[in-house]
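Colleague: I would like to go through the labels used for this protein and hear what stands behind each of them. Please set the values against the cut-offs as we go.

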Amino acid sequence: MSQMKEERGAILRRWTKHDDDLPDEILLDILTRLPVKSLIRFRCVCKPWYSSIANPSFIINHHHHHHHGYVIRIPRHIPLLLPSSLPGSSHSSDQVCTLACDRTFETISEFRVPFAFPSGFPHVVGSCNGILCFTSSRSWSNVVYLWNPSIRRFKRLPNSRLFIMTLGIGFDSQNNDFKVVGIPRTFAKPKPPPEVEVYSLSSDSWKRVELGISWRPNVVSHKFNCVLRFPFVCGHLHWMIEMIEEGGGQEKHDTSTILSFDVNSEKFKELPLPDDEGSCITKCVTSFKGKLALIKFGNGTQPHITQCSIWVMREYGVIDSWNKLCVLSIENLTDLIGFTKDGLLIRKSSRPVSTNSELESKDKSVLIDLETLHEKEISTHAKYGFDETTYMESLALLDGTNVISY
């Protein structure tokens, strides 16, 4: 840490000219509190400022000072692709993202995704420390992009050697590195343990990582539940795996587990689910207020009612700390967007209304307060549904190999 301060001080001393100038640490502290757009302009002041703002330690400190909460909303529809929209081209899709406040959901700005895919539309994998990760909506595509809209930079990752089906993005705090984890689709029978590849932004390359845990010998098939994006919580990425196992004789039964990946150590482990005897159609793992969360879906007592049981792991990694937060009965649920700071954001169909002698049903976005269970309709202007992810401005992806500025 002392060496880092000496290096930063030396950079700024080359810029300062008078003894009565601000001390180096105060000047750096002021810079870390400025918005991203200002810092991008200030890089042009002089070479020492250019170097300071691009320094990885400065970028981390700047991130720690900026926790303004935003959400980015990406509509789900197939864009019109230009003939020249090849992978890695600078052509943008017609996908327009909306930046909104994470509490009021009021629109702050709109911007286009600056890259396009040869098929399908941009699908957001997740967001981590100011970087958005995108892949194609086509499950067979292994094209992956990282994008920081606040500094107008993006990067296409080199192709993985594996056929990727599911992706997650996290941050390695020990090595100051962003990592993308890919687990491919496999068609072998009986199902083998999934192969995994990890991309490192610092090395700009993929590497094979062993699962490192015992795989159930009787598993005949497995799938990853993709209802929501795979959450990055407490330095770990998480996947919900639903499996079919053979029992005695010809009997088969369903089983599920949470697969956890430590982004720092690149080690896997399993996290058991909470004990719950209630019936369940499907389940997904997500995050709620920085904690690992589980949503279990079941049939309600009335038609068109979906029952959602919400669990939260109060202390990460402690199985006994699973706590059932609440049970929701949702009418006409069509889509689960995810948790916000103030509740659960969903899409539900409204009652059919007569238009031009025909009955038409429209979806609406609703925020459910998990304490009062009050439902509040949210204006999102999304006609076909949307993906939404949390976002905060940062300087991540400022420089690096094959980073494109637009």
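**Labels and their grounds**

Modeller: Let us begin with Ile169, which touches Gly126, Ser127, Cys128, Ile131, Cys133, Leu146, Lys179, Val180, Phe232 and Leu237, leaving out residues up to four places away in sequence. Keep in mind that this is a predicted model.

Colleague: What makes Ile169 a buried residue?

Modeller: Its relative accessible area is 4%, and buried means under 20%. Ile169 therefore counts as buried. The residue belongs to strand β8, residues 164–172.

Colleague: How many of the residues of the protein count as buried?

Modeller: Of the 406 residues, 48% do. Trp206 is another case: at a relative accessible area of 12% it is buried, given the limit of 20%. Trp206 is found in strand β11, residues 205–209. Between its C-alpha atom and that of Asn159, 47 residues apart along the chain, the separation is 8.2 Å.

Colleague: Why is the pair of Phe111 and Trp147 called edge-to-face?

Modeller: The ring centres are 5.8 Å apart and the planes stand at 85°. Centres within 6.5 Å make a pair, and planes over 60 degrees apart make it edge-to-face. Both conditions hold, so the label is edge-to-face. Phe111 is in strand β3 and Trp147 in strand β6 (residues 144–148), so the pair links distant parts of the chain, 36 residues apart. Trp147 is buried, with a relative accessible area of 0%.

Colleague: And why is the pair of Phe288 and Phe339 tilted?

Modeller: Here the centres are 4.8 Å apart and the planes are at 50°. Planes under 30 degrees apart would count as stacked and over 60 as edge-to-face, with the rest tilted. An angle of 50° falls in the rest, so this pair is tilted. Phe288 lies in strand β17 (residues 282–288) and Phe339 in strand β21 (residues 333–340), so the pair ties together parts 51 residues apart in sequence. Phe288 is buried at 10% relative accessible area, and Phe339 is buried at 13%.

Colleague: How many aromatic pairs does the structure hold?

Modeller: It holds 17. Ring pairs link Phe111, Phe115, Phe117, Phe134, Tyr145, Trp147, Phe154 and Tyr406 into a cluster.

Colleague: How do you know that Arg43 lies over the face of Tyr50?

Modeller: Arg43 is at 4.0 Å from the ring centre of Tyr50, and the limit for CZ of Arg is 6 Å, together with a position within 35 degrees of the ring normal. Arg43 is listed as lying over the face.

Colleague: Which residues of the largest nonpolar core touch the most other members?

Modeller: Of its 19 residues, these are Ile295, Ile310, Leu328, Leu336, Phe339, Leu344 and Leu370. Strands β17, β18 (291–299), β19 (305–313), β20 (322–331), β21, β22 (343–349) and β25 (363–368) each supply at least two residues of this core. Leaving aside neighbours within four places in sequence, the contacts of Ile310 include Leu294, Ile295, Leu328, Phe339, Leu344 and Leu370. A second, separate core has 18 residues, among them Val181, Leu211, Trp239 and Phe261.

Colleague: What makes β25 and β26 paired strands?

Modeller: Four bridges join β25 to β26 (residues 375–378), and pairing needs at least two. The two strands therefore count as paired, and they run antiparallel. Val366 stands opposite Glu377 in β26. The two strands form a hairpin with six residues between them, and Leu373 in the turn has a positive phi of about 65°.

Colleague: Why are β3 and β27 called edge strands?

Modeller: They belong to an open sheet of four strands in the order β3-β2-β1-β27, with antiparallel pairing. β3 (107–112) and β27 (386–391) each pair on one side only. Neighbouring strands of this sheet are turned by 25° against each other on average, direction ignored. Strand β1 (residues 70–75) pairs with β27 over six bridges in the antiparallel sense, and Ile74 has Asp387 in β27 as its bridge partner.

How values were computed. Residues numbered from 1 in each chain as written. Predicted model: local features only at pLDDT ≥ 70, side-chain atom pairs only at ≥ 80, totals over all residues. Heavy atoms only, no water. Axes fitted to C-alpha atoms, helices over the stretch in contact; angles between N-to-C directions. Phe/Tyr/Trp six-rings, centres within 6.5 Å; stacked < 30°, edge-to-face > 60°. Buried < 20%, exposed > 50% of the residue type's maximum accessible area, 1.4 Å probe, protein only. Core = buried A, V, L, I, M, F, W, Y, C linked by side-chain atoms within 4.5 Å. Contact = heavy atoms within 4.5 Å.
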